[in-house]
Amino acid sequence: MKFSCEKETLLSLIGTASRAVTGKSAMPLLEGLLIDTAPNSLTLTGYDLSMGIRTTAEADVIESGSIVLNARLFYDIVRKLPQDTVYLETDDKLLTTIKCGRAVFNLIATEADEYPALAEVSSETGFSLPQSMLKSMIAQTIFSVSDNESKPIHTGCLFELEGSRLNVVAVDGYRLSVRRETVEGISGDMKFVVPGSSLREIERILTEEEGDVEIFPDRKNILFRIGGTTLITRLIDGEFLNYRAAIPAEFEHVVKADRHELITCIERVSLIVSEKLKNPVRFHFDGSYVQMSCITAVGKSYDECAFDGTIDELEIGFNNRYVLDALRAAGDDTVLLQLKGPLNPVVVSPLEGDKYTYLVLPVRLKAND
């Protein structure tokens with residue numbers, strides 16, 4: 001195998017494919033990247049047996065072939081090379097020479113024959129949507145994915161396609177996030193759950209630029225095609241929460257709030273909250289103000305924020321981080337806060353439409369909280 005390409009191109013390929021490489025594995029081959037060359041193209045593949053990433057770019061290929069190099073070492077070497085063309089050549093004994101400028105590295109590669117093949121995914125049923133849309137839908141729900149492996153189905157996001165309507169849902173037992181979009185040019189009904197870990201990598205690969213991402217789910221796996229990069233991951237099997245039933249149908253109180261002011265006030269009151277001091281923030285609604293307070297071992301904090309509307313004498317406690325995550329994800333300058341009682345969740349939604357719904361369960365307050 002013999003090829004050359006620009007350092008930045010090669011570094012980008014390695015960085016993308018390495019996202020699917022496991023740090024330590026009982027199979028040393030999985031700690032490596034599969035490097036494939038064909039006329040005018042260079043392809044790198046990383047695979048941890050549950051998620052695989054294959055990415056391709058143009059290269060000056062003199063001799064085609066396939067090898068496996070340790071992903072971390074390969075990345076570190078290329079990252080430190082000068083800004084110039086990188087030349088890579090492998091002989092019949094797998095001695096691999098990497099040259100750039102005056103720098104030269106000699107490594108022993110591994111045969112590519114035993115590198116596991118990525119799962120085959122049918123392309124019969126699929127749909128596409130703008131990259132920027134999928135990126136925002138993931139970013140505005142992924143924070144609610146559960147990290148509790150005792151219920152694996154909730155460690156991923158539910159994708160629910162109903163006609164031309166796409167819903168993405170995440171839940172972790174304490175909060176619920178729903179993002180909805182109408183996608184032109186698609187129709188049909190399907191639902192599947194994509195692992196949160198895979199969605200985080202997809203979010204990093206997606207760009208805000210124009211261009212679509214193609215999505216092909218089948219019974220066990222799903223394929224995302226983003227430009228010259230393909231990500232394949234297993235789907236999570238199981239029964240996802242009936243999220244519609246979890247969202248209250250009626251509320252006692254519906255008020256408008258300035259999202260930025262609310263975030264600023266909660267952040268101020270939360271300055272005395274830490275990982276070791278996790279007391280809830282107390283929200284005391286009184287007229288057209290919400291008084292926020294918190295007590296931890298280091299002291300007390302207090303602030304208040306005005307809102308548009310009236311709520312008389314309602315006191316409710318929340319985990320500060322969960323409320324902040326929901327408000328930050330909402331994005332709009334003004335949001336609706338919908339409440340029912342001290343033991344019921346708060347729901348954050350837009351002034352018009354149903355682009356998003358964020359539900360946060362309350363924390364039962366104690367006298368000294």
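**Aromatic pairs and cysteines in the predicted model**

Phenylalanine 283 is buried, with a relative accessible area of 5%; buried here means under 20% relative accessible area, exposed over 50%, and partly exposed in between (1.4 Å probe, protein chains only). The structure is a predicted model, in which local features need pLDDT of at least 70, side-chain atom pairs count only at pLDDT 80 or more, and totals for chains, interfaces and linings use all residues. Residues are numbered from 1 along each chain as its sequence is written, and side-chain values use heavy atoms, with hydrogens and water left out.

Turning to the aromatic rings, the search gives 6 aromatic pairs, where rings of Phe, Tyr and Trp (its six-membered ring) pair if their centres lie within 6.5 Å, and planes under 30 degrees apart count as stacked, over 60 as edge-to-face and the rest as tilted. One of these joins phenylalanine 283 to phenylalanine 318 in an edge-to-face arrangement, at 5.5 Å centre to centre and with 80 degrees between the planes. This pair links distant parts of the chain, 35 residues apart: phenylalanine 283 belongs to strand E20 (residues 281–296) and phenylalanine 318 to strand E21 (residues 299–318). Strands (E, at least two residues) and helices (H or I, at least four) are DSSP runs, numbered from the N terminus. Phenylalanine 318 is buried too, with a relative accessible area of 3%. Elsewhere, Phe143, Tyr356 and Tyr358 form one aromatic cluster.

As for the cysteines, 0 disulfides are found in the whole structure, a disulfide being a pair of cysteine sulfur atoms within 2.5 Å. For cysteine 294, the closest cysteine sulfur is that of cysteine 265, and at 14 Å it is too far for a bond. Cysteine 294 is buried, with a relative accessible area of 2%, and cysteine 157 is buried at 1%.
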